[in-house]
Amino acid sequence: MIVGARAIRGATVLAAAVLLAACGNSNSGSSSGGGGGSSSELTGTGEITFATGKDTSGNMQKLVDKWNSDHADQKVRIVELPESADGQRQQMVQNAQVKSDAYTILNLDVVWTAEFAANKWVVELPQSEFPDLDSAFLKPAVDTAKYRDKLYAVPVYSDGGLLYYRKDLLDAAGVTEAPKTLNDMITDCAKVKATPQGANVGCYAGQFEKYEGLTVNFAEAVQSAGGSIVDESGKPTVNSAQAKAGLEALVNGFKTGAIPQKAITYKEEEGRRAFQAGELLFHRQWPYQWAKANATDGSSQVAGKFNVAPLPGATGTGSSTLGGHNFAISAFAKNKKTALDFIKYFTSEESEKSNLLATSQAPTRTALYEDQALIKEFPYLPTLKASILSAKPRPKAVKYGDVTAAIQENAYAALTGTKTPDQALSDLQKKLEELTSS
Ligand code: GLC
């Protein structure tokens, strides 16, 4: 079911009753061991694990090491899950279904909160434990950590799409500013292609492999052309002229070669490597690429040669999909009090700042976007903040796995030419309607 605002309001009374019934438990006391089963008490201290996608920078491990050196009896061990979002979700879901206590803290993609909360795979977190959540964190990020108005996770990284562009190549072609629209982008590509430096550089790529990143890129193409996948109430709206224009822009990109053929295999990391190897003029990517592509250890050929701009749209600035990650506590884990304290530590301003400095990932604390010293070091921060604040969330769905699979399947079919954009959008609309009504 796709959860719209109306459905959420309608269900609040029931949710409140269920919650009241569950409130007999006291959260005091912290005996070691405890927990397990489906207890929602945040008690028990001791060793825990932290299940997460790839630690691409090594900074998660550094923050864990620091915690471990201060908490000899409450050590945290990172369990690294597959690189792609879908692979991570699959492992977390499988673990939850067998009620395993192997993962204590789950690094959840922002789109999984509804599914994990509704299935009671993660525990509700008392907001009183995080008193500055409403005042000090980006609101769109906090909204992704809630389900039916209750908090189930804490936002640790946000994410907004950015257009990375090779400033050196645009300069050499006499182009003085980043493109605002997709048409400008194509025109700029032709100008760069005509220069000796730009002759062999591909025009544009994003994430087009069949996985969560394709859902993100498809949604951005649709939104940037004025369409939507679902409306505010959760009703599917994807079979529209605007959505068709958005999807066709991607399909034509592949047809004309503006998007290199091999970008159909790109997830974030493949695209990043291509950009760093100097193979792309424009690249839609998350902020983490900034630090990696600016590395001066020989791993990047484009350090200091690129800049970022807002995503381009059909008639002006485009619209990003809201990304990011939240930490939740598994309902089946032991030592939930340690998990709670570790989440507080990891989302403190100090930890978030250290993470920004090491990885260029988007913090969830607003103060870090206003710090002049940080803006000097990461000049993309204001663009990123604007991208996040205007970003559109993906559909909020308990059956999110089915929703994203339908989007991926149809978008991929259109990009690879096995369905026309019309067919893909009408099939997707039908499938989303089925998922909404069940
Ligand atoms: C990033 C985003 C996440 C998104 C994923 C897609 O990790 O933070 O929200 O789902 O990319 O690949």
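**A strand on the inside**

Strand 11 (residues 323-329) has seven of its seven residues buried, so it is largely enclosed by the rest of the structure. Here buried means under 20% relative accessible area with a 1.4 Å probe, protein chains only, and strands are DSSP runs (E, at least two residues), while helices are runs of H or I with at least four, both numbered from the N terminus. The model is a predicted one: local features need pLDDT of at least 70, side-chain atom pairs count only at pLDDT 80 or more, and totals for chains, interfaces and linings use all residues. Residues are numbered from 1 along each chain as its sequence is written, and side-chain values use heavy atoms, leaving out hydrogens and water.

In a regular strand the side chains alternate between the two faces of the sheet. In strand 11, Gly323, His325, Phe327 and Ile329 point one way, and Gly324, Asn326 and Ala328 the other.

Now for the neighbours, where pairing requires at least two DSSP bridges between two strands. Strand 3 (residues 105-109) is an antiparallel partner of strand 11 over five bridges, with Ile105 bridged to Ile329. Strand 6 (residues 154-159) also pairs with strand 11 in the antiparallel sense over five bridges, and there Val154 has Phe327 as its bridge partner.

The largest cavity holds about 650 Å³ of space, a volume being the space filled by probe spheres set on the points, which are joined across faces, edges and corners. Of its 32 lining residues, the closest to its centre are Glu83, Gln88, Asp159, Glu268 and His325.

Technical notes:
Buried < 20%, exposed > 50% of the residue type's maximum accessible area, 1.4 Å probe, protein only. 1 Å grid on protein atoms, 1.4 Å probe; cavity = no way out; pocket = protein on both sides within 12 Å on 5 of 7 lines; lining within 4 Å.
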